[in-house]
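Subject: Structure handover

Hello,

The structure we discussed is below, and my notes on it follow. Please read them with the structure open.

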Amino acid sequence: MGELRTLYPEINENFSKMLKVDDVHTIYYEESGNPQGIPVVFLHGGPGGGTTPTGRRYFDPKAYRIIQLDQRGSGQSTPRACLKNNDTWHIIEDIEKIREELSIEKWLVFGGSWGTTLALCYAIKHPERVLGLVLRGIFLGRREDITWLYEKGGVSEFFPEAFDRYVSIVPEEERHDIIGSYYKRLTSEDRKTREEAAREWSIWEGSVMTLHPVPNVEESAGEINFALSVATIECHFWMNDMFWGGDDNWLLNNVSAIKDIPTYIVHGRYDVDCRPINAYELSKKLNNCDLDFVISGHSSAEPAIVDALVRATDRFKEILK
């Protein structure tokens, strides 16, 4: 296969803007790359994660007009970690408002982890606006996908020592519903209680993210406000079953609407955060899809993931130019 591809060089944004989308939320978004290039929207993970300058670097800046946004309650969007009006469908509306404001007719949609969930939801709702999909680490948002990571019996069996730490703040009598117990703490009126829960939630996630162990897992939680937004918003979505109105398998049940859209999926063969079966089940329902299992875990920073994603955007660059 040859040498692994790496990220494109660092670039600055062309501009950034705060867009008021309702009476609660204001969304941060930015453009980088070539203003006359192929439009691509980058959908970050989490929910609650926010964008970073690294996100621009999966794309050839001479070829792509790169749009990034911080989803509701995330990153530079305000108010931080706010749960009001924060659900899947409001975020889809925000993406459309940004597309309309930028006068983009169609764009490539790029998402990782929770960003794949959003990318698929967006494409199903607005297939006429999607040139193609580049997806990394498929998360289908089913109850089984959520309990696999956050309750006993799934990832806990691969990382028992990290799981013991994660559940250590949950009283024995609440361990039948760890997610619910964490939600109670993450939405507590006591700041210290919220911070402890956010830190332990984020350390648990960081412990299982990569193929090779993280040297200092404490740092994986990030600074406390970042940990609070990720943990609180994620737990909010998990408690509300993705806001899919009772259809636990909403994505696979509706994916026929996008079965012919060109799609490239990269998924870590040893991804225990989002199971490889998710990517496989999705790919079987798509007519125009390439699925690439690579030797990695879940993290978008792993060399094999970076290589596959950069190759994918370069391939779309040639297809769409």
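This is a predicted model: local features need pLDDT of at least 70, side-chain atom pairs count only at pLDDT 80 or more; totals for chains, interfaces and linings use all residues.

Asp177 sits in the loop between helix H4 (160–167) and helix H5 (178–186); helices are DSSP runs of H or I with at least four residues, strands are runs of E with at least two, and both are numbered from the N terminus. At 34% relative accessibility, Asp177 counts as partly exposed. The classes are buried for under 20% relative accessible area, exposed for over 50% and partly exposed in between, with a 1.4 Å probe and protein chains only. The side chain of Asp177 reaches the backbone nitrogen of Gly180 at 3.0 Å. That is a polar contact, meaning a pair of N or O atoms within 3.5 Å; within protein, one must be able to donate a hydrogen and the other to accept it, and residues adjacent in sequence count only if both atoms are side-chain atoms.

Residues are numbered from 1 along each chain as its sequence is written, and side-chain values use heavy atoms, with hydrogens and water left out.

The chain as a whole

The protein chain has 10 helices and 8 strands. Its radius of gyration is 19 Å, close to the 20 Å that the globule rule gives for 321 residues, so the chain is as compact as a globular protein of that length. The radius is taken over C-alpha atoms, and the rule is 2.2 Å times the number of residues to the power 0.38. Along its principal axes the C-alpha trace spans about 60 × 50 × 40 Å.

Buried residues account for 56% of the 321 residues. Of the contacts with a separation of 6 or more, 74% are between residues 24 or more positions apart; a contact means heavy atoms within 4.5 Å. The chain exposes about 13500 Å², and carbon and sulfur atoms supply 49% of that area. These areas come from the Shrake-Rupley method with a 1.4 Å probe; for residues, only the protein chains shown count as cover.

There are 36 positive and 50 negative charges, and their mean positions are 4 Å apart. Lys and Arg count as positive and Asp and Glu as negative, without His and the chain ends; each charge is placed at NZ of Lys, CZ of Arg, CG of Asp or CD of Glu.

Buried residues

His44 is in the loop between strand S3 (38–43) and strand S4 (64–69). With a relative accessibility of 2%, His44 counts as buried. A polar atom of the His44 side chain lies 3.1 Å from the backbone nitrogen of Gly50. Beyond four places in sequence, the contacts of His44 include Leu69, Asp70, Ser74 and Trp114.

Asn278 belongs to helix H9 (residues 276–283) and is buried at 1% relative accessibility. Its side chain makes a polar contact of 2.8 Å with the side chain of Arg142. Apart from neighbours within four places in sequence, Asn278 touches Ile138, Phe139, Leu140, Arg142 and Asp145.

Leu118 is part of helix H2 (residues 114–125) and is buried, with a relative accessible area of 0%. Leaving out residues up to four places away in sequence, Leu118 is in contact with Leu43, Gln71, Thr88, Ile91 and Ile92. Tyr64 is 54 residues from Leu118 in sequence and 21 Å from it in space, C-alpha to C-alpha.

Backbone points to check

- The peptide bond from Gly46 to Pro47 is cis, with omega near 0 degrees; Pro47 is in the loop between S3 and S4.
- Thr78 and Pro79 are joined by a cis peptide bond with omega about -5 degrees; Pro79 is in the loop between S4 and helix H1 (88–101).
- Asn85 is not a glycine but has a positive phi of about 55 degrees. Asn85 is in the loop between S4 and H1 and is partly exposed at 27% relative accessibility.
- Met242, not a glycine either, has a positive phi of about 65 degrees. Met242 lies in the loop between helix H7 (224–239) and helix H8 (250–254) and is buried, with a relative accessible area of 0%.

Regards
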